Amino acid sequence: MIRKEKPTLILLLIIVLQLFCATVFAQNTTIKKETNAPKNDSIATQIDVLNHESLRIALERAKQTENTSKIANAYFEYTEFYLKDLDEMCIKYSDSIIFITKDIKNNEKFPASGYNQKGRYYYIIGKYKLALNNLITGLDRAKENTLLYETINFNIGLIKNTIERHVESKKIFKQYKKFLESNGYEKTSIKYNRAIFALSHSFTYTKKLDSATYYIDEGIKNSIAGNDPVGYNYFVLNSGINSYFKKEYQIAHDSLMKVKALFENDKSELTSLAFTHLFLGRTSKALNKKSINHFVKVDSILEVTKDVMPELLETYDYIKDYYEANGEQQKLTDYQKQEIKFRKISQHNYQDLVKDIVTNYDNKILEKKRNKIIKEIKEKDNMIIIVLLSLLLAFAGVIYYFFRKQVIHKKRFHKLLEEQQKKQERIVLEKKERLIVKKKPTAIENNIKELPEDLVNDILTKLEKFEATDKFVKKKYTLPQLAKELNTNGTYLSKVINETKQVNFANYLNQLRIEYAIERITNDSRFREYTIKAIAEECGFKTQQSFSAAFYKKTGVKPSFFVRQLKNKIKKLNN
C-alpha cells in the first residue's frame with residue numbers, strides 16, 4: 001500500500017529531476033537527439049519509472065472523479081508515454097480512450113484522438129493500411145476546423161507521401177501550415193516544424209528543389225531556436241536528399257553522414273536510416289566512393305522493418321549491378337531473391353493502400369464537400385430547382401466529358417497512325433531509291449558550352465546508329481553500360497541526351513521502346529494479338545503498368561485503346 005504522503009514526495013522528486021535535466025540540456029548548444037545513450041542508463045530509467053508512477057497517480061485520481069473526459073485525458077498521456085518507445089501498450093490505452101468516449105458527442109478531442117494515436121503508432125512501425133483506417137475513422141469523429149481534425153488530415157497526408165502522391169499531399173501540408181499560422185502557432189513550435197518539413201519533402205520529390213531548400217533552411221533555423229532535435233534531424237536528412245537531386249554530391253554526402261550518426265541507435269527511425277543509407281549509396285557512387293555497404297545496409301533494415309517503401313527497392317538495382325560486375329554469382333542470386341520477396345510485400349501493401357486512399361479517404365472528402373454544398377442549397381427557398389439543375393448539369397458534364405475524351409483520344413490515335421504511315425512511306429521510298437541518308441547532327445549552341453561541337457556531333461551520330469537497332473528492347477541498359485558500348489563518357493552522354501532529346505536517360509530509352517511498340521503494333525498482326533503485358537515485356541518494360549504509363553505519356557492514349565482502335569479500323573477496311 002502507498003501512503004498518501006508518498007505522491008507528494010514523488011511529484012517533488014520529479015520536479016527536481018526535470019529541472020536538473022532541463023539545465024543539462026540548456027548547456028548543450030548543439031541541438032541533436034541523444035540517440036547514443038543506452039536505454040538502461042540509470043538516470044533515464046529512473047525518470048521513466050517516476051513518469052510512469054505520476055501517470056498512474058493521475059489516472060487513479062481521474063477515475064475517482066468519474067469524469068469521462070478526465071479519465072480519457074489520463075489514458076491519452078499514457079499513449080504519449082508509450083508511443084515514444086513504440087510500445088504496444090500505446091494501442092491498449094488508445095483503445096481505452098475509444099471505448100470510454102465512444103458515446104461522447106461534439107467533443108473536440110475524444111474519441112477522435114484515440115484513433116489518431118493508433119494511426120500514429122501504426123504509421124511509425126510501417127503498418128500504413130492500419131494507420132490509414134484508424135486515421136480515417138478519427139477524421140470522421142473529429143470536429144472540422146479544429147487542431148485535431150487538421151492534424152489527423154496532416155497524418156493522412158504523410159501516408160499519401162509514402163505512396164508517392166506528392167502533389168496531393170503537398171496541398172494537405174499547405175492547408176495544415178496555413179491553419180497553424182492563422183491560429184497563432186509559433187514558427188519554432190514542433191507542430192509548425194513538422195508542417196514545413198513535410199512541405200520541404202513534397203517540394204523535393206516534385207522537383208521544386210529551390211522551394212524545398214527555402215523550407216529546409218527555415219526548418220533548421222526553427223529547430224535550433226525551439227530546441228527540437230527530432231525536427232532538426234529530419235531537416236538535415238531532407239537537406240542531404242535535396243542536395244543529391246541538385247547534384248551537389250559532396251554537400252549531400254556530408255549532410256547524410258551527419259544524420260546517419262543521429263539515426264543509427266534510434267529504433268524508431270529505422271526507415272529514416274534506410275533512406276539515409278540509400279542516398280549515401282547514391283552520393284558515394286556519384287563521388288566514385290565505395291557505395292555497396294550502404295545499399296546492403298538498406299536490405300538489412302528492410303529485413304527488420306518489412307516497411308518496403310517503393311523507392312527503397314531501387315537499392316537492389318545497385319546491389320545486383322555490383323555483384324554481377326564482380327562475378328559474385330551466389331550473392332547476386334541471394335539479393336535477387338531478396339528483391340523478389342520485398343517487391344511482393346511492397347506491391348501487396350501499397351496496392352491495397354492506394355485503393356484504400358481512394359475508396360476510404362478521397363471519396364469521403366468528396367462526399368463531405370458534396371454534403372456541405374447540399375446543406376447550403378437546402379437553406380435556400382429554391383433548393384429543389386437548384387438540386388435538379390445541379391444534377392442535370394453534372395449528368396450533362398459527365399456525358400460531355402466522356403464523349404470529348406473519346407473524340408480527343410480518337411484524334412490522337414489517327415494522328416499517331418498518320419505519323420506511323422508517313423514514317424513507313426519514307427522508309428520504303430529510301431529503299432527504292434537505294435539512298436543511305438547520313439544526317440550530320442547539329443550541335444546545340446550555347447546549351448552544352450563545356451563540350452566541344454565535334455564531341456557532341458560524334459555522340460549524336462552514335463546515338464542515331466544505336467536508335468536504328470533494336471538493342472534497347474533486348475537489353476536493360478544503364479547509362480554507364482550504353483556509354484561504354486558507344487565508346488564515350490557517361491557524363492558527356494547524359495548531357496547530350498538531356499540537352500538534345502530534352503529528356504533524361506530513362507525517359508529517352510522509354511521513348512525509343514514506345515516508338516518500337518507503335519511500329520510493331522501497326523505492322524505486325526500477330527503482335528497485335530499479344531496481351532498488353534506481353535507487349536510490354538517484348539518492348540523491354542518490366543511491368544505492364546510502367547509500359548502503359550510511358551505509352552500514354554508519349555502518345556496521349558493507352559496502348560489498349562490504340563490496339564483496339566487499330567483492330568476496328570482494319571476490320572472496317574477488310575469489310
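# Briefing: a buried lysine and its helical setting

Lysine 170 sits in helix α8, which spans residues 166-182. The model is predicted. In this model lysine 170 is buried and has no salt bridge. The protein chain that holds these residues has 26 helices and 0 strands.

**Lysine 170**

- The nearest side chain of opposite charge to lysine 170 is that of glutamate 168, at 12 Å.
- Setting aside residues up to four places away in sequence, lysine 170 touches Leu199, Ser202, Phe203, Thr206 and Lys208.

**Asparagine 242**

- Asparagine 242 belongs to helix α11, residues 229-245.
- Asparagine 242 counts as buried because its relative accessibility is 3%, and the cut-off for buried is under 20%.
- When residues up to four places away in sequence are not counted, asparagine 242 touches Thr204, Leu209, Ala212, Thr213 and Ile216.

**Nonpolar cores**

- The largest nonpolar core has 49 residues, of which Phe279, Leu302, Leu312, Tyr316 and Ile319 touch the most other members.
- Helix α9 (residues 190-205) supplies the largest share of this core, with 8 residues.
- Another core lies apart from it and has 41 residues, including Val456, Leu463, Leu493 and Phe541.
- Leucine 302, one of the residues that touch the most other members of the largest core, is in contact with Asp307, Val308, Leu312, Tyr316 and Phe342, leaving aside neighbours within four places in sequence.

**Surface**

- Leu389, Leu392 and Leu393 make a nonpolar surface patch of about 330 Å².
- Leucine 392 is located in helix α17, which covers residues 383-432.
- Leucine 392 has a relative accessible area of 54% and is therefore exposed, the cut-off for exposed being over 50%.
- For the protein chain, the accessible surface comes to about 33,600 Å², and carbon and sulfur atoms account for 54% of that area.

**Chain totals**

- The protein chain has 575 residues, and 42% of them count as buried.
- Taking contacts between residues at least 6 apart in sequence, 62% join residues at least 24 apart.

Note on methods. Residues numbered from 1 in each chain as written. Predicted model: local features only at pLDDT ≥ 70, side-chain atom pairs only at ≥ 80, totals over all residues. Heavy atoms only, no water. Helix = DSSP H or I, 4+ residues; strand = E, 2+ residues; numbered from the N terminus. Buried < 20%, exposed > 50% of the residue type's maximum accessible area, 1.4 Å probe, protein only. Contact = heavy atoms within 4.5 Å. Areas by Shrake-Rupley, 256 points an atom, 1.4 Å probe, with all protein chains shown as cover. Core = buried A, V, L, I, M, F, W, Y, C linked by side-chain atoms within 4.5 Å. Lys, Arg positive; Asp, Glu negative; His and termini not counted. Salt bridge = Lys/Arg side-chain N within 4 Å of Asp/Glu carboxyl O. Patch = residues over 30% accessible without salt bridge, like charges linked within 9 Å, V, L, I, M, F, W, Y side chains within 5 Å.
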